[in-house]
Amino acid sequence: MILDLQEIKKISEERKKENLRFISFLKGQNSAKIDVLVHKLNGLYTSNIDCTQCGNCCVHLRPILAESDIDILIKALKVSRQKFKKVYVMTDEEGDMLFKKLPCAFLKGKKCSLYTSRPEDCSSYPHLYKDNFTSRLYGIFENYAICPIVFNVIEELKGKLNFR
Ligand code: SF4
Ligand code: SF4
């Protein structure tokens, strides 16, 4: 298992072409069978990787916010919706609400200071427990260089599928 973020970044540069070949390979596989493997590997790595010692997704990615996430966040921060949106929220060209600041304003060291009130998009990241892995390949591989869970799941998946 590799956890060092610099090493993961370096390997991801080196394996760009290999990962593109792996994406093509995965497209030809049985989707349900891949989901079973990915869910199993995700369970293994999420239980062995401590997100409170990482926080790299909060440094590099902006979660999409729902109004229901904002309901919870304003309660936790004891601020008005209007003030919260003015200070923390922006809208992208697709109309999605996102946090303005990157790294996230609520990241303290490597931990989320609002962990129990964090948005659903944060708590469900990196989304590997969801079905249809082979329909979401490009989005998932964008997280390969960022998230040690994604990196290790994909590397072990290559071995399990005798890719290489
Ligand atoms: S709210 Fe917490 S979990 Fe979500 S991006 Fe910010 S620091 Fe990370
Ligand atoms: S989800 Fe991935 S990138 Fe985010 S803190 Fe956990 S291991 Fe790190």
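In the predicted model, E156 is partly exposed, with a relative accessible area of 24%. Its salt-bridge partner is K160, at an N to O distance of 3.7 Å. K160 also counts as partly exposed, at 47% relative accessibility. Both residues belong to helix α9 and lie four residues apart, so about one helical turn separates them.

Helix α9 holds a further pair. The side chains of K158 and E155 form a salt bridge at 2.7 Å, N to O. These two residues are three apart in α9, and therefore about one helical turn separates them. Both K158 and E155 are buried. They are also part of a salt-bridge network that links R15, E18, E155 and K158.

Helix α1, residues 5-14, provides another case. There K10 and E14 are four residues apart, which means a separation of about one helical turn. Their side chains meet in a salt bridge of 3.2 Å, N to O. K10 is exposed, with a relative accessible area of 53%. E14 is exposed as well, at 52%. In total, the structure holds nine salt bridges. Side chains of opposite charge can pair when their charged atoms come close.

How values were computed:
Residues numbered from 1 in each chain as written. Chains lettered and ligands numbered in written order. Predicted model: local features only at pLDDT ≥ 70, side-chain atom pairs only at ≥ 80, totals over all residues. Heavy atoms only, no water. Salt bridge = Lys/Arg side-chain N within 4 Å of Asp/Glu carboxyl O. Buried < 20%, exposed > 50% of the residue type's maximum accessible area, 1.4 Å probe, protein only.
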